[in-house]
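Please read it alongside the sequence and the structure shown here.

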Protein chains: 2
Amino acid sequence: MPPARAALSAALAAAIAAASAAGPAPPTAVWPQPRQAASGSAAVPVAPGPDFFSLGGHGESPLLEAAFERYAALTFPHAGGATPVSRAGAVVGLVLSVWVLGEAHPQVSTDESYNLSVPSAGGVAVASSRTVFGALRALETFSQLVRFDFDRGAYVVDGAPWVIQDRPRFPHRGLMIDSARHFLSLPSIRQIIDTLPYAKLNVLHWHMVDQQSFPFQSKSSPKLWEGSYSAVERYTQADVESVVEYARLRGVRVMVEFDVPGHAASWCIGYPEICPAADCQMPLNVASEATFNLIEGLISEVAGTGSSKSHDASGLFPDSFVHLGGDEVNTSCWTKTPSVASWLQERNLTADEGYAYFAKRVASMVIQRGHRPVQWSEVYDHFKASLPKETIVHIWKGVTNVTEVVANGYDVLINVATGDKPWYLDYLNIKWDAVYRNDPCHGIPTDELCARVLGGHGEMWGETVDGSDLQSTVWPRLAAIAEKLWSGRSQTEDVAEVLPRIRAFRCLLLQRGVAAAPVDNAQARAAPAGPGSCFEQGARAPGSARPVGERAILL
Amino acid sequence: MPPARAALSAALAAAIAAASAAGPAPPTAVWPQPRQAASGSAAVPVAPGPDFFSLGGHGESPLLEAAFERYAALTFPHAGGATPVSRAGAVVGLVLSVWVLGEAHPQVSTDESYNLSVPSAGGVAVASSRTVFGALRALETFSQLVRFDFDRGAYVVDGAPWVIQDRPRFPHRGLMIDSARHFLSLPSIRQIIDTLPYAKLNVLHWHMVDQQSFPFQSKSSPKLWEGSYSAVERYTQADVESVVEYARLRGVRVMVEFDVPGHAASWCIGYPEICPAADCQMPLNVASEATFNLIEGLISEVAGTGSSKSHDASGLFPDSFVHLGGDEVNTSCWTKTPSVASWLQERNLTADEGYAYFAKRVASMVIQRGHRPVQWSEVYDHFKASLPKETIVHIWKGVTNVTEVVANGYDVLINVATGDKPWYLDYLNIKWDAVYRNDPCHGIPTDELCARVLGGHGEMWGETVDGSDLQSTVWPRLAAIAEKLWSGRSQTEDVAEVLPRIRAFRCLLLQRGVAAAPVDNAQARAAPAGPGSCFEQGARAPGSARPVGERAILL
C-alpha cells in the first residue's frame, strides 16, 4: 500500500477506535451495515453540482464516469428543485481514489473494500479503494448518507463527520433469476441488475434454461432454442453479451447455469438424439457421445474454447464460475430405456455411477477451460470427495453436511443453513426475519472452515414469477440476505433491531423506483393492506403523530 | 392542408378504400387498433441505423429528437445483435412530416391524428401529422409493426405495404394515480408515464392529496405538507414541474386534482382553522374565509394567477383542466358544528346549499384563471344545470343520468357506463373483458350528445397500491380502456376477438420492462399460475406445440 494510503488507513482506524471507545456505535442509516463506522453529530449540508463526483489522481475510468451519472441521480433526486446551498461549510464533492483502475470483469476474488470519510465542516468527502468495484460500493454508501431536507429544500448528511471502513464478509453475494419457467425480458433483467448494487450485491446467477424452456441462442447447436416458449421469448448471444456488460458496469458478475443432466427436457425439442427416448427426456442421454459433444460446444460458447488456460475472453460469460446444475436427477428412466441400460451394463456402471460419470465429465469441460464448475448439493451428496477440488458446491438441501463439504476442501455457496429453505424467495411464506436468521456459517465449527463459504444467493425460482412480479417477490427479502452476506456476523444477530432499518431501506427502494413489497406482510409480494406511510405500511389515522421509521431518526 | 399533404391523404384514402373493398380487414398487430389500416402480405426487412427516425422538411423538434432516441430503443431492442441487413429492399428509415412543430403542452384540443405508410419494396416509411403529438402516436404504431425475427437475426415488418390513417375516438384518455393513500415516488410516476403512450394514452390524472396525506408543497400555504405521511414522502414544486415536463415530452397531459371540500382531513394538520372542528375535519369549513383564501392561493400556484385569461404559464399545471373533486361530501358534521350551523342559518342555506356554494366558489376560481373545473358526479347530481357550463363532470356513479348531463351542455369524463365501476382498477375482480365491455357512449342516444364525452380514465385508487404494485394493478387492464377510447366503437364490440391480441400486447409490455400482470387470472395483479409463455400464461408441457398467440400470427 503506498504510504499516503497507509497513513489515511491508519487515521481511519484511529478514528474508528476512538469512536468505539465510547461504546458500540448505533446502526447507521446505510444498508447493509458497514463493517466499521464512526460518526459525529453534525448535520452538514451538501451542495450538488455537475462534477460533484470525481476521480482523484491520474487515469480515467469510463466505468466510474458512468457510475457518477447514475449516483448523481440517485443521491440528488430533487436536484432541479434544491435551494442553492452556499458552498461554504457544505460538502461540495466526493473524490474517489482508486489504486488500480482496471475495469476487467469482476471475479469472486475482486477486492470491494473501501474507506469513506465525510467531513463535518464541509469541503470534500473522500473515498479510497483498491478497485473501481470498491469505489462503486463507496458511491452507494455515500448516496445513502445523503438525505433531502424538504423543509430546508437542501441536501444534508446527518451524523457528520463520518469515517467508514468497509468490506464484505463474503465475496459472493447474489440473486438467482430463472428465465426458463418464465421468460424474463432484457429490460426486466436490466432493472433487477440495477437494484443489486443498492444492497451491495455482486452476482447475478442466471438460471438460463430448464425443462420448460430453452431461450438461449447456441451457435454450435442452433436448434436448441426451438425449445423456447415462442419465437420471441429468446435471447440472442448479443443480448446476453449486453446483459453481462451491463452488469459489469455495476460491479455485478453474471454466473450462468445450464442444468444437466436433469431439468433439461427442453433440450430434446431441437435435439431429440441427446435424450434417451420420447418417454425419457430427462436425464439427458449419458450413453450418447452426441450429448457430450453438444454440451461441450455449448460450454465453449459460454466459457471460451480453453485455448488459453485463463478466462477466455472469447466466452460469453467471463466469470470464472460456470454453474452446471446437477440437481434432482432421477435416473430411473435411464435403466428403463434399453439402449441406456445396456450402455451402463457394458461399462459395469450403476445408474448412480452413470450420473457421477456425467457430472464429472461436464465439470471437466469447464475446468479444462480455466473455469470452475458449480454444482448443486446432490452432486456432492452422491459423489463426495471424488469430485474435482475446483468444484463449488451450491448447498440447497438441509441434509447436506456442510461442515463435511468444507472440511473436504470444497468451496461452497449456501442458501440454507437454518430452517426450511430460508433463501428460497419463491417460498412466499418466509418473511424477511426468517431470511435474516439464516447465517451462512451456522453449524460450521471454525472460522477456518467457514472461510470456504464464498457466500450465497436469494434463489428466485420462476414458477410464479415473471416480469410482472419479479421485483416485488425479490425485494425487500433480498435485502435481508444482502446484509447477512456483507455485514459482520455479530452485526446481524439482533433481528429485533433490524425492523425499522429494513422498513427504511424498503422506503429507499421505493424512492428509487424499485417495486419492493411491504416488509411486514405475512406473504411475500402481498399488496399493502391499507393506506399509509412506507415507513409504517399500515393505516394511519389522519392527524396522528408521524411515523417513527423515518430515515433521519436512525442516526 | 397544403397540396402535397392533401394528395398524400387522398392516396391513403384510396388505398384504404381499395383494401376495404376486399372485405373487413383483420385486426392488426397494433394496440389499440388503428381506425383505418390497409395491409399487404409482404415481409419487408427493416435496417436499423443511427438516423433511422428523422424529421422531414425544415424546422427542428427537441421533443421529437428525444422521442427518436426512445423509439430506437423500443423498436430495435436487439440492435447490438442484429445481423446487418442489406439496405436494398429494406425499410431504411421513418420520416416524419409534421405540419406545425409547436411543442407547447398538449391540451384536450390537441390533434393526435396521423397517417403512416410502410412500403413493401423497402425504402422509407413515411408518417405525417398536424402536430408533434400526432407524430408520437405514429412512432408508437410503427414500433409495434416491427418485430425481431430471431431465426434470421433481423427486423421485419409483416403485412407490408401498410397504409394507416389513424385518429383517436376520444380526445381525453388517461390514468388516474393516487399519491395520497400511498406516496408514489418520482421514479414510480415517471415509469408509469413511460407506459401510457404504449397504448396511446394521453392524460395522467394526478389525485394529489386526500384525507390520508397531503404530499404537495404549497408555497402560499407552506404548512399544508405537514399533512404528508413523513418528512420524505413529499413533492416539491420543482418535482411536480419535472413530472409535468416529463409527461409533455411523451404527449401526456397532467391534470391535477385537489379534492374539496370532502376527502381533505389531511389539510387540517397544517391549518386547523380551515376545518370546522377537531371532530369535524371534513368537509372543509364553508363558514370561514380562511378556507377560500387558502384554496385560492393553492389554485393560483396550480393554475396561475389569472392575470391573463389564457393558460397562465406561471401555474405549475399548464393543462386547461383542474380537478376539484367534490365527491362524497357528507355535510352532517357542518350542521353539528355550532359555528358552521349558525353561518348557514344566517344565510338561510341548507347544508346542501352550503355544499353548492363551496363547489361553485372554488370552480369559479379555476374559471377566472382561464381553466376549466372538473368535478365528480355528485356535484352534478346535486346542483344540475346550475353549474357553470365550463364544468366537466367526471362520471363515476351509475346513478348519474349521463344523457341528461350532456343534454344540459356539460362535457363529461366517464369511467362507468355499464356494470359496476368497470374502470375502477382497484376493483381487482373486474377482468379485462368487463373493462372492455364498458363503452363510454353506452345509453347516450345520439352521436351529437356523445360528442360531449371527452373520454375517461382507468381510476387507480391507491388504498392497496404503492410503488410495489402500481404497474401490475394498472396493466394490462388499462390496455382495454385505452382501446375503447382510441379505436372506433364498431372495432371494439367483439370481445372474443380481443383475447389473443390483449395477451400479445401484454407480452409487448413485458418485453418493454413493464410489470404487466397476466391477462387471464380472475384477480388483477395475481401472479402467473405456473410456468409458461406470456402468450399463454399457463403451463405448457415440454415439447408440446408452440403457443398460438405470437405476435406475427395476428397479421
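Which exposed residues does the face of α2(B) turned away from its buried side carry? They are B:Pro62, B:Glu69 and B:Ala73, where exposed means over 50% relative accessible area, buried under 20%, and partly exposed in between (1.4 Å probe, protein chains only).

## Basis

This is a predicted model, in which local features need pLDDT of at least 70 and side-chain atom pairs count only at pLDDT 80 or more, while totals for chains, interfaces and linings use all residues. Residues are numbered from 1 along each chain as its sequence is written, chains are lettered from A and ligands numbered from 1 in the order in which they are written, and side-chain values use heavy atoms, with hydrogens and water left out.

## Helix α2 of chain B

Helix α2 of chain B spans residues 62-75, 14 residues in total. Helices (H or I, at least four residues) and strands (E, at least two) are DSSP runs, numbered from the N terminus. From first C-alpha to last, α2(B) reaches 20 Å, close to the 20 Å expected at 1.5 Å a residue; the expected span is 1.5 Å times one less than the number of residues.

The buried residues of α2(B) are B:Leu63, B:Leu64, B:Ala67, B:Phe68, B:Tyr71 and B:Thr75. Seen down the helix axis, they fall within an arc of 135°, so they line one face of α2(B); the arc is that of the directions from the axis to the C-beta atoms. An α-helix has 3.6 residues a turn, so residues three or four places apart point the same way. Among the elements of chain B that cover these buried residues are β2 (53-55), β3 (91-98), α3 (132-145) and α5 (237-249), contact meaning heavy atoms within 4.5 Å.

## Contact between chains A and B

Chain B and chain A each bring 67 residues to the contact. Between them they bury about 5000 Å², 54% of it on carbon and sulfur atoms; buried area is the accessible area (1.4 Å probe) that two parts lose on being put together, summed over both. B:Phe150, B:Tyr229 and B:Gln511 supply 13% of the area that chain B buries against chain A, more than any other three residues.

Four salt bridges are counted between the chains, each a side-chain nitrogen of Lys or Arg within 4 Å of a carboxyl oxygen of Asp or Glu. In the salt bridge of A:Asp466 with B:Arg506, the closest N and O atoms are 2.7 Å apart.

## Salt bridges within the chains

Over all chains, the whole structure has 56 salt bridges. A:Asp111 and A:Arg130 form one at 3.3 Å, N to O. A:Asp111 lies in the loop between β4 (91-98) and β5 (114-118) of chain A and A:Arg130 in the loop between β6 (123-129) and α3 (132-145), so the pair ties together parts 19 residues apart in sequence. Both are partly exposed, A:Asp111 at 25% and A:Arg130 at 39%.

A:Asp319 and A:Arg253 meet at 2.7 Å, N to O. A:Asp319 is buried, with a relative accessible area of 3%, and A:Arg253 is buried at 2%.

## Surroundings of A:Asp439

A:Asp439 is found in the loop between α13 (432-437) and α14 (447-450) of chain A, and counts as buried at 6% relative accessibility. A polar atom of its side chain lies 2.9 Å from the backbone nitrogen of A:Cys441. Not counting residues up to four places away in sequence, A:Asp439 touches residues including A:Ala417, A:Thr418 and A:Thr492.

Terms used
Polar contact = N/O pair within 3.5 Å; in protein donor to acceptor, adjacent residues only side chain to side chain.
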